[in-house]
Number of protein chains: 2
Amino acid sequence: MPESIKDKIAIIGVGCTKFGDNFDQSFEDLLAEAGFAAFADANIAPERVDAAWLGTFSPYAGNGKASVSLADALRLYGKPITRVENYCATGTDAFRNAAMAVASGMYDVALVAGVEKLKDRPMRGLGWEGGHPYQHDGLTAPGVFAMVANRYFHRFGGGREALAKVSVKNHHNGALNPKAHFQMEISEEQVLKAPIVAWPFGLFDCCPTTDGAAAAVICRADMARQFRDDYVLVKGLGLAVTSGRPWYDPAYEYVGFAATRAASEEAYRMAGIHDPVKEIDLAEVHDCFTWTEISNYEDLGFCGKGEGAHFIGEGRSTLAGDLPVNPSGGLKSCGHPIGASGVRMIYEIVTQLRGQAGARQVRDSELGLVHNLGGPGAVACVIVLGR
Amino acid sequence: MPESIKDKIAIIGVGCTKFGDNFDQSFEDLLAEAGFAAFADANIAPERVDAAWLGTFSPYAGNGKASVSLADALRLYGKPITRVENYCATGTDAFRNAAMAVASGMYDVALVAGVEKLKDRPMRGLGWEGGHPYQHDGLTAPGVFAMVANRYFHRFGGGREALAKVSVKNHHNGALNPKAHFQMEISEEQVLKAPIVAWPFGLFDCCPTTDGAAAAVICRADMARQFRDDYVLVKGLGLAVTSGRPWYDPAYEYVGFAATRAASEEAYRMAGIHDPVKEIDLAEVHDCFTWTEISNYEDLGFCGKGEGAHFIGEGRSTLAGDLPVNPSGGLKSCGHPIGASGVRMIYEIVTQLRGQAGARQVRDSELGLVHNLGGPGAVACVIVLGR
């Protein structure tokens, strides 16, 4: 039987750039800002880092490079640096690999950085490494998720009004987050009247295209107190990959994502969580589209399948609710610089667990969850963090 | 201090496709062939695999995908699969991350697969994810390595005749390897008379463009005997990244690769190796160009800086020498499907350590080394394997 690595890894520093249209910062500038912010937060010199992991989905699209860009940005020369890419779960999976390496005993202190620069060039064709196969089929991200959302509403009822509540909530939270790309409140009416991108998604149901970077410094938990008292422990890690062609599978349910269920099961098992809605105090989940957040409530076990619209309708995922979701404003407000997003979510949960989240602070938070979903809903990574 | 993970991970199965112009196999076909060969070699069902790592540099260029392609090729649905990319050290770094994860206790059994399909589309522009920044500067791979080779010969003397000896040796070995792309002997005269690609490299100084995949099944060493008696242990792991812009660094020596020196130091420290040329019995090293192999002899500590031409000239790295290098035929004969190469080298060393390498068998081999070098010589990964 594998041994648990619960409580063996501590997060001792986090950093994050302002997310947005960062035309004045290069790929490496973004990494330098987030990385040095994390070093300063951990109060360590870069030399203390034994190894690093870089999460980036399409570095060349941002005129960056892979592992060598992190070496050049932070002058981490001669050290081990791995690039991890796992669709939109790139940032969280980079963190997961770094955490396992530290837990193995191979390294004492490691850096995880996530970055993406998406505004300089259009993603289609160039950005997607020569054209992504899905897009050759016309299956853009909004197209894929819209198909599943339509099927979901066909089966369980409801529609765009439920989606609008997610968008309003996340824009409300984002207005309180100085790192968010969009820091503005919107109304349900604005969401419902916005131009349609792919039915049922209008403009305010889709996360924007954004530049940004985030970083975290981790170490062996038994060393953490050398650096700070309010370190955060890794309680659970889970990753799951399903088919890249879900629509060819006759058993595919088309109303949620098996990858999220499998990844959360692995993470909950490691963390010893039996009743997530009661035990988890707050969550950053992957709201690439508003409906995805509703599906995530269900796939993560916060409520039953088909009950996600009630979950948001009852206000349970608002800042004042019993399980605040996306207190940062989510991908909807922060934007989604792909490799950066998962690490930015870790930054948010660590900031919240330390009680440093200012106007968007979730009260009495002890246990937080981070969730990324990538590809056509085929890749999910779940990380549980706690005090 | 970090704890050593030496002898905590065992390789219990390996598989490899024929390397070559595999137009009749898709990206996923290649993964399926190598993966199921490794499962059969380990005598385990795919269900026994707890997690997987995929090494691939430019999957979309081969009309493949990232982690989801491995899930689809091997029906590894609902399991954790990470894609690692680290330039030409992609395959070895994927193995390194898998090994650390198993050593952490997180998983009992893991699969590592490396794959690249390079023949379908030209690499320039398309394959390099929208055009690689180096190529925008005119710095192709032959151009970068040729510059360093010229500087090396300027400083230490010698020239194309030393390079030809590497090519002749590796083609000799490749002619004995049924997996190699080119299975043919060549003469020094043929190498020296071949068309020049980038001085001092002629056609036979450059590795070819190739399709292929390779895979390895690893497990906790204390479980290995359940699967087979002749398992191979991971003795050392090292990875190092230097600057992606070495030519901007006034201290850059331009006669070798600091990344290889740093990665081998890390791996030797873990393996407890003090005198590599005496302790290591055979090595698979990164001969993307013939001169790179000469530099590797020096950077890996097989001989002093500037002595590499003597090392090959004295026949020490031939199959009958005291430290056979690239018994497989190297990248020169096998080709270099980027993400596959490092795992193919692991396949070769495991096959050799088990005594199953047929006509190219190195006698009395107990300890073998694998080495990849990537980017502009900026990324190196070294793995030491032993009985």
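# Chat about a predicted two-chain model

Author: In chain A of this predicted model, A:Pro200 sits in the loop that lies between β5 (196-198) and β6 (201-202) of chain A.

Reader: And what is the peptide bond from A:Trp199 to A:Pro200 like, cis or trans?

Author: The bond that leads from A:Trp199 into A:Pro200 is cis, and its omega is near 10°. For background, most peptide bonds are trans.

Reader: OK, and which residues does a cis peptide bond join in chain B?

Author: In chain B a cis peptide bond joins B:Trp199 and B:Pro200, with omega about 10°, and B:Pro200 is placed in the loop between β5 (196-198) and β6 (201-202) of chain B.

Reader: While we're on backbone angles, what is phi of A:Asn326, and where is that residue?

Author: Phi of A:Asn326 is near 55°, which is a positive value in a residue other than glycine; A:Asn326 belongs to the loop between α12 (308-313) and α13 (330-334) of chain A.

Reader: How many residues does each chain put into the contact, and what area do they bury?

Author: Chain B contributes 62 residues to the contact and chain A contributes 63 residues, while the two chains bury about 5,100 Å² between them, with 51% of that on carbon and sulfur atoms.

Reader: What about polar contacts and salt bridges across the interface, how many of each?

Author: Between chain B and chain A there are 4 salt bridges, and 30 residue pairs are in polar contact, counting pairs with both residues at pLDDT 80 or more. Among the salt bridges is the one that A:Arg245 forms with B:Glu28, where the closest N and O atoms are 3.1 Å apart.

Reader: Then which element gives the most to the side of chain B that touches chain A?

Author: That is α3(B), which gives 7 residues to the side of chain B that touches chain A. The residues of that side divide into 33 nonpolar, 14 polar and 15 charged.

Reader: And how do the β3 strands of the two chains run, parallel or antiparallel?

Author: Strand β3 (residues 81-85) of chain A and β3(B) run antiparallel and are joined by 3 bridges. Within that pairing, A:Val84 stands opposite B:Val84 in β3(B).

Reader: Last topic: how many salt bridges are there over all chains?

Author: A search of the whole structure gives 48 salt bridges over all chains. One of the salt bridges is formed by A:Lys169 with A:Glu293, and their closest N and O atoms are 2.8 Å apart. A:Lys169 is in helix α7 (residues 160-174) of chain A and A:Glu293 is in helix α11 (residues 290-299) of chain A, so this pair ties together parts that are 124 residues apart in sequence.

How values were computed: Residues numbered from 1 in each chain as written. Chains lettered and ligands numbered in written order. Predicted model: local features only at pLDDT ≥ 70, side-chain atom pairs only at ≥ 80, totals over all residues. Heavy atoms only, no water. Contact = heavy atoms within 4.5 Å. Buried area = accessible area lost by both parts, 1.4 Å probe. Salt bridge = Lys/Arg side-chain N within 4 Å of Asp/Glu carboxyl O. Polar contact = N/O pair within 3.5 Å; in protein donor to acceptor, adjacent residues only side chain to side chain. Helix = DSSP H or I, 4+ residues; strand = E, 2+ residues; numbered from the N terminus. Nonpolar A, V, L, I, M, F, W, Y, C, P; charged D, E, K, R; others polar. Pairing = 2+ DSSP bridges.
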